[in-house]
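Here is a short briefing to read alongside the chain in your viewer. Take a moment to look it over, then follow the topics below.

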Amino acid sequence: MNTNYTSTRNKQIQITAKDAIKKGFADDGGLFVYPELSELKIDLKSLRNLNYQQLAQIILTKLLPDFSEAEIAESINHAYDNSFDSSKITPLISVNNFHVLELFHGPTSAFKDVGLQMLPQLMKHVLTPEDKVMILTATSGDTGKAALEGFKNLKKMGITVFYPHNGVSKVQQLQMQTTTGHNTEITAIKGNFDDAQTNVKKILNDKHLQQELGSHISLSSANSINIGRLIPQVVYYFSAYMQLIDQNKLQLGEKVNFTVPTGNFGDVLAGYYAKQMGLPVNKFIVASNENNVLTNFFNSGIYNRNIPFLQTFAPSMDIQISSNFERLLYYKSNKDTAYVKKLMVDLEKNGHYKVSPDVLSRIHNDFYCGYCTNQQIADSIATVYQKDHYLMDPHTAVGYKVMRDYQKSGDKTPMILLSTASPYKFVRVVADSILPVVPDDDFSAMQKLAAFTKIPIPTNLAKVWELPILHTDVIAKDQMENYVKTKVEDVFYDRN
Ligand SMILES: *Cc1c(COP(=O)(O)O)cnc(C)c1O
């Protein structure tokens with residue numbers, strides 16, 4: 001048995017990748033991790049002139065050892081086919097003296113597509129013939145649509161998405177409401193994102209409901225802590241590096257830096273996995289918005305979530321607990337699961353924890369961290385557009401600003417900035433930053449931005465305004481469980 005994965009909070013746990021994907025997280029509340037990443041070294045020379053799918057095959061075979069090569073190949077073919085509008089999947093663009101890795105060419109124009117196109121395909125090979133699974137997702141905008149597109153029309157799987165009524169942007173709402181597929185259910189709830197998230201967790205942990213649904217129907221989540229979302233993200237770090245090699249902009253073995261706009265710490269942690277597997281990386285630049293819990297941690301060794309929650313121009317990074325940071329603590333404490341567990345109990349009980357100076361200094365070896373204000377987001381979008389004619393979304397702009405701060409240290413290592421969304425997905429902030437006058441409605445703002453910049457609107461965002469609205473439910477927040485029950489009936493017993 002390939003029981004390669006364990007829990008960040010208990011090293012006795014040994015579990016296969018398939019079971020880890022099925023369960024999502026460990027019974028003790030810990031996250032699943034691959035302990036011996038350095039045993040998975042990849043020979044860079046063997047990666048020359050491979051396309052994205054071939055790279056993915058090599059990397060996923062290493063990290064998901066209990067999947068057959070055929071299962072991985074099939075998953076890759078379905079996940080990364082013509083649903084991406086770039087044959088490179090994650091193309092690398094050189095801008096001025098840095099490079100941008102564009103992660104937004106998937107079906108919903110956000111980087112979450114890279115993980116959420118793959119997770120459902122892997123899930124297919126995890127379910128037994130009798131199993132059926134309903135995915136529950138609470139979303140503040142981006143995750144919901146990316147998850148819907150990933151799970152749409154898959155057999156034996158359904159997906160129900162809850163979003164806050166009047167709490168997402170017009171584009172995000174339309175993206176969700178126009179979703180097709182026989183197994184996709186979407187409703188607004190009269191409450192905020194926290195209400196949605198808290199109730200989804202409650203429903204997932206409801207033993208009584210599970211009994212009612214029977215042993216072959218389970219409820220699960222598409223949360224970013226699932227290794228089925230994390231592992232596919234390792235691939236684009238190798239892809240970025242090899243694109244620089246293939247374009248003759250880098251020598252094989254030379255080091256690079258990556259700057260990563262960060263919320264839940266999933267994206268940048270995947271980069272750290274790549275480094276452990278042999279990718280030559282000097283530093284990861286972790287960039288937050290004004291919710292700067294991580295920056296404070298880097299300065300003090302104290303992780304304190306007890307600070308006010310701010311709504312910023314980069315809403316997909318408005319977060320106080322970076323869940324995947326627990327995985328970094330596991331590696332940087334030399335896999336001391338008792339220590340990690342203690343820190344996480346402190347965080348739950350008191351809202352903060354403090355790491356030892358050793359752990360902090362090991363984190364500093366690989367990572368730098370900084371943050372960016374709303375004004376600096378707007379300024380960065382304007383500066384880069386005016387100087388380099390490159391249009392960034394607000395999340396990418398957070399990365400840009402912190403990247404420039406870091407470079408003041410004098411480090412001249414070639415830099416790759418990860419771009420996590422199309423600028424058209426967050427059109428309001430982008431248009432306000434560069435257009436002299438901005439129309440009030442988002443559709444006109446998008447048109448005007450495209451006319452002004454000559455940068456094309458991704459097809460899915462251009463078309464969303466004309467598609468028929470298929471989902472209009474709005475429910476009270478205490479009706480979520482009943483909603484799930486009804487939708488399980490509709491999707492799996494076809495009673496509508
Ligand atoms: C989710 C998201 C992020 C943050 O990624 P993490 O893996 O949570 O750190 C950044 N930018 C955009 C646009 C996102 O949707």
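UniProt places the feature "domain: Tryptophan synthase beta chain-like PALP" at residues 90-338, in an unreviewed entry. UniProt positions follow the numbering used here, feature names are shortened, and annotations may be inferred rather than shown by experiment. You are looking at a predicted model, where local features need pLDDT of at least 70 and side-chain atom pairs count only at pLDDT 80 or more, while totals for chains, interfaces and linings use all residues. Residues are numbered from 1 along each chain as its sequence is written, and side-chain values use heavy atoms, with hydrogens and water left out.

**Features from the record**
- Residues 90-338 are 39% helix and 21% strand, with the end C-alpha atoms 38 Å apart. Helices (H or I, at least four residues) and strands (E, at least two) are DSSP runs, numbered from the N terminus.
- The unreviewed UniProt entry also lists "domain: Threonine synthase N-terminal" at residues 4-80.
- That span, residues 4-80, is 39% helix and 14% strand, and its end C-alpha atoms lie 26 Å apart.

**Two assigned domains**
- The domain assignment, which is automatic or from a database, gives domain 1 (92-108 + 228-460) and domain 2 (118-223 + 461-496).
- Taken over C-alpha atoms, the centres of domain 1 and domain 2 are 27 Å apart.

**Where the domains meet**
- In contact (heavy atoms within 4.5 Å) are 17 residues of domain 1 and 19 residues of domain 2.
- Domain 1 and domain 2 bury about 1600 Å² between them, 61% of it on carbon and sulfur atoms. Buried area is the accessible area (1.4 Å probe) that two parts lose on being put together, summed over both.
- There is one salt bridge between domain 1 and domain 2; a salt bridge is a side-chain nitrogen of Lys or Arg within 4 Å of a carboxyl oxygen of Asp or Glu.
- On the side of domain 1 that touches domain 2, α10 (227-246), α19 (442-453) and α20 (459-463) each supply at least two residues.

**Salt bridges**
- The count by this rule is 19 salt bridges.
- Arg9 pairs with Glu326 in a salt bridge, with the closest N and O atoms 2.8 Å apart.
- Arg9 sits in the loop between β1 (5-7) and β2 (10-15) and Glu326 in helix α13 (residues 325-332), so the pair ties together parts 317 residues apart in sequence.
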